[in-house]
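Colleague: Before I look at the model, could you take me through how its features should be read, one at a time?

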Amino acid sequence: MSEINYSDWEPVIGLEIHVQLNTKSKLFSSAPNRFGDEPNVNITDVCTGQPGTLPVLNKEAVRKAVQFGCAVNATIPLFSKFDRKSYFYPDSPRNFQITQLDQPIVVGGTVTVDVEGHTKHFAINRAHLEDDAGMLKHFSNFAGVDYNRAGVPLIEIVSEPCIHSPKEAVAYAMTVKAIMQYLDASDCNMEEGSLRIDTNISVRRKGEKTFRNKIEIKNLNSFNYMEMAIESEIRRQVQLYCQKPHENPAKVVSTGTYRFDPDKKETILMRQKEEAADYRYFPEPDLPPVVLTQAYIDNVRTHLPELPHQRYKRYISELQLSEYSTSILINEKALSDYFESTLKMCTNAKSLCNWITVEFTGRLKESGKTIYSSEIAPKDVAKLVNMIEKGTITGKIAKSVADEMVLHPGKDPEAIVRENPDFQPLHDTSAIEPMVDKVLAENPQSIADYKAGKEKAFAYLVGQVMKLCRGTASPAIVNELLTKKLK
Amino acid sequence: MYRLSATALRELFFKGEVSASAIAETFLKRIGKHDPKIGAFLSLFSDRLMDKAWQLDQKRQKGQPLGKLAGVPVALKDNMLVKGQITTCGSRFLENYRAVFDATVTRLLEEEDALIIGKTNLDEFAMGSSTENSAYQLTKNPWNLQCVPGGSSGGSAAAVAARLCPLALGSDTGGSIRQPAALCGVAGFKPTYGRVSRYGLVAFASSFDQIGPFSTNVADTALIMEVLGKHCPHDSTSLDLPPEPYLQKIDHDIRGSTIGVPWDFLENLDPAAKENFLSAIEVFKKLGARIIDVNLELLKYSIAIYYILATAEASTNLARFDGIRYGKRSQRAATLDEVYDFSRQEGFGPEVKNRILLGTYVLSSGYQDAYYKKAQKARTLIIDLFKKAFSSCQMIAMPCSPFPAFPLGSIHDPLQMYLQDVYTIQANLAGLPAISIPSGFNQEKKPYGLQLVGPQMHDVQVLRFAHAFEKACDFSKAIPPLFDEEVNL
């Protein structure tokens with residue numbers, strides 16, 4: 001078989017993102033919407049489908065859905081409605097889900113993301129409200145159902161099949177997540193299941209106008225796995241088509257539901273799609289249609305907070321941050337908010353960004369923490385950067401101070417520097433001068449280069465002095481001495 | 001005491017001429033003596049009732065304010081929840097199901113100091129027109145023990161007719177209050193859809209179901225509607241309207257008003273029933289109402305529309321009865337699918353299964369357009385038809401049922417049984433208020449019912465026309481002889 005040329009193929013990806021809204025109560029009952037409690041404590045008679053109970057729509061959930069719609073510039077119809085979707089399963093207390101079939105609360109919309117240097121506009125088909133199911137728990141000799149999750153409001157965001165690479169899929173999904181967080185509409189915790197993504201994938205030869213069979217990957221619980229799963233699935237499909245170039249494509253890849261095995265790094269078939277399930281949708285007679293006014297929608301729109309892409313553009317144009325570090329900052333609202341609070345106390349945005357996204361993130365990684373979940377206060381990070389700015393400490397010392405800050409979260413970096421003589425830079429000119437002389441004696445070429453106008457040579461010499469003193473010399477004094485001696 | 005209206009009974013109690021305990025005891029004794037003849041009750045709340053009555057007597061002695069229904073015994077159809085009490089819905093599936101909360105109607109009744117006396121028999125999950133589909137017992141018509149009381153609220157109708165309680169609640173999805181009221185010779189009122197909260201009523205067909213009262217006279221209907229007709233935040237389809245002064249308004253004259261009669265629709269009516277209906281129309285003429293013909297020809301489709309839409313809703317409403325969380329769980333079941341299959345097989349009776357199958361079918365992909373969606377469109381046409389009709393009249397008069405009470409076991413074909421609802425279904429399709437009131441007897445002394453249908457929200461108007469009719473002919477005073485001891489003595 002000849003070598004497969006993957007670049008001849010175009011992946012076509014569509015995502016269905018289920019986001020649990022962080023409302024106080026559930027979508028159709030007053031039961032608390034809360035994760036992690038003992039089974040079956042956050043339930044009312046409605047959540048277990050007791051006979052005689054009726055659903056009452058949660059207005060807070062409607063508002064959050066409309067906020068999302070406004071955030072992605074979607075159409076918010078003044079009239080939307082709920083439908084019953086019938087299927088029998090123990091986690092479904094009524095044996096029908098209340099969802100929105102043909103008149104959802106959000107129609108269309110666009111998510112704008114910068115991916116690999118290009119600005120992409122991903123099209124949303126729709127977003128609808130529905131209630132989550134309970135959870136089956138299997139024990140050694142029986143199974144139980146926890147209805148705490150039953151009735152938690154979900155918004156399902158369905159993209160158009162407009163995504164063409166694993167990176168794009170991840171960028172789109174991360175932005176949807178960020179939007180939800182910026183709106184304070186969800187905590188979007190993939191491990192706890194408040195953000196769940198179903199990925200639909202097909203491939204086709206570049207230039208083909210029609211879609212080939214797609215498969216669905218369920219239960220992806222991290223963006224990393226999502227990217228790996230899509231990559232491996234694209235390879236699998238392309239390989240199948242290349243193995244059978246003369247076969248009817250519809251018979252080569254069959255539709256089905258897959259999961260991702262992170263150890264084997266491949267997608268595993270869960271079930272072949274037989275006949276499409278008949279959910280017997282029809283309008284929910286217990287709920288009147290949702291009728292909104294234009295004034296309500298306008299009010300939601302004018303009160304939207306700053307959204308990820310707006311913040312992205314602001315960081316790049318006003319703060320001159322790099323695209324890469326900006327992406328890291330904005331995709332995690334809490335991280336970006338942390339950065340914003342340090343920015344109020346320190347003007348060097350670039351340095352702050354580096355300390356937050358690289359230095360502290362790296363130091364905290366092992367403990368599984370993030371800077372915003374740690375006890376390191378924004379004011380202390382700002383102080384640290386300000387000390388470097390003023391030349392009070394060197395970059396090298398700053399790194400050691402940061403180590404201490406991670407070890408003793410909450411401790412004032414100025415105090416750390418004050419209490420440790422090693423962290424105080426050398427200000428004694430007489431002690432620094434011999435080191436400067438030594439470096440100059442050992443580097444005649446650099447002196448020549450400098451005199452020939454090469455600015456870089458000066459920086460090199462500074463570096464050599466700092467190396468010799470193990471970063472303890474005050475950079476200001478080293479500069480001064482070198483400049484004087486090179487005249 | 002049993003001959004008294006609810007209004008008269010509470011007056012006696014207010015005045016202190018009779019205690020709530022004495023009332024409760026009297027009616028419990030009466031039920032003990034007479035109910036075995038008709039089988040109206042599925043359960044009695046004897047201890048709970050005596051406790052409540054005692055508390056009520058204390059309340060009166062202390063001079064505390066008393067509710068609108070103080071001391072009045074009320075029975076509930078056994079598809080309405082009273083916390084802690086068994087609610088069977090006439091089904092084996094819920095044989096041991098204890099309600100975990102009070103229905104809104106239960107709460108409203110108790111807030112107004114009514115004495116809830118027990119639960120009455122019904123067709124399983126309110127599906128039927130004769131109460132013969134109850135999994136527990138047959139209920140007999142107090143006027144003729146060989147005949148059905150009608151249904152599905154047959155137990156409540158029979159209980160009020162036999163004067164085992166002055167008031168009872170039923171639910172009406174396609175005529176389940178009005179038809180048994182007609183067959184048992186009492187007043188049965190189905191309010192505007194959304195007037196009375198459905199919270200705590202076990203759903204049959206959500207967009208049709210409406211709770212309403214049985215009483216021996218229209219003033220009592222007005223009295224209990226003042227208690228029940230309130231907005232409820234737990235029912236999203238509950239109307240948010242200011243309280244209506246039913247009692248104050250029912251006495252208003254109907255002189256000069258216009259009543260529509262869909263003569264075309266009544267062509268095939270049995271001659272005796274027609275004669276009864278015509279004499280009722282004469283009464284209205286004498287009261288000064290003008291009678292006009294209204295064209296409601298589309299109504300010939302209403303049974304078909306109803307049995308598509310109501311079964312579609314029912315098939316999903318009854319999906320929750322699966323043996324997982326409550327109710328019947330088959331002992332034979334070894335797998336999840338068997339829990340579903342066997343529990344439902346054993347728990348549901350044949351008519352309920354028929355309707356679940358029918359409803360599942362009409363919603364299936366490939367059939368939904370031909371059945372469910374078409375029926376929805378036709379329902380809209382019927383709603384428009386009534387709107388048009390009510391532009392030329394204030395009230396529509398029709399018979400309530402095509403013939404009087406029929407012998408137990410005489411109708412086997414479900415389609416024949418469905419025809420019982422031919423005159424009642426439209427009010428549910430269009431969400432209209434409608435009442436059946438006694439309009440006389442046939443030669444075998446079986447009662448007839450006259451039906452009055454009003455425009456949406458015009459519940460008071462319906463009661464006003466009914467009240468005028470009742471005052472003019474007095475059929476409401478008739479008591480089935482078997483249950484009228486004072487005469488028998």
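Modeller: Let us begin with secondary structure: helices (H or I, at least four residues) and strands (E, at least two) are DSSP runs, numbered from the N terminus. In this structure, Asn219(A) is found in strand β12 of chain A, which covers residues 215-220. This is a predicted model, in which local features need pLDDT of at least 70 and side-chain atom pairs count only at pLDDT 80 or more, whereas totals for chains, interfaces and linings use all residues. Residues are numbered from 1 along each chain as its sequence is written, while chains are lettered from A and ligands numbered from 1 in the order in which they are written.

Colleague: How many helices and strands does chain B have, and how many of its 489 residues, as a percentage, count as buried?

Modeller: Chain B has 17 helices and 11 strands, and 58% of its 489 residues count as buried.

Colleague: At what angle do helices α10 and α12 of chain B pack?

Modeller: Axes are lines fitted to C-alpha atoms, for helices over the stretch in contact, and angles run from 0 to 180 degrees between N-to-C directions. Helix α10 (residues 302-317) and helix α12 (residues 350-363) of chain B pack at about 100°, with axes 7 Å apart. Angles under 35 degrees count as roughly parallel, over 145 as roughly antiparallel, 65 to 115 as roughly perpendicular and the rest as oblique, and α10(B) and α12(B) are therefore roughly perpendicular to each other.

Colleague: How many residues of chain A are in contact with chain B?

Modeller: Two residues are in contact if their C-beta atoms, placed from the backbone, lie within 7 Å. By that criterion, 25 residues of chain A are in contact with 31 residues of chain B.

Key
A residue is buried if 20 or more other C-beta atoms lie within 10 Å of its own, exposed if 12 or fewer, and partly exposed in between; C-beta atoms are placed from the backbone.
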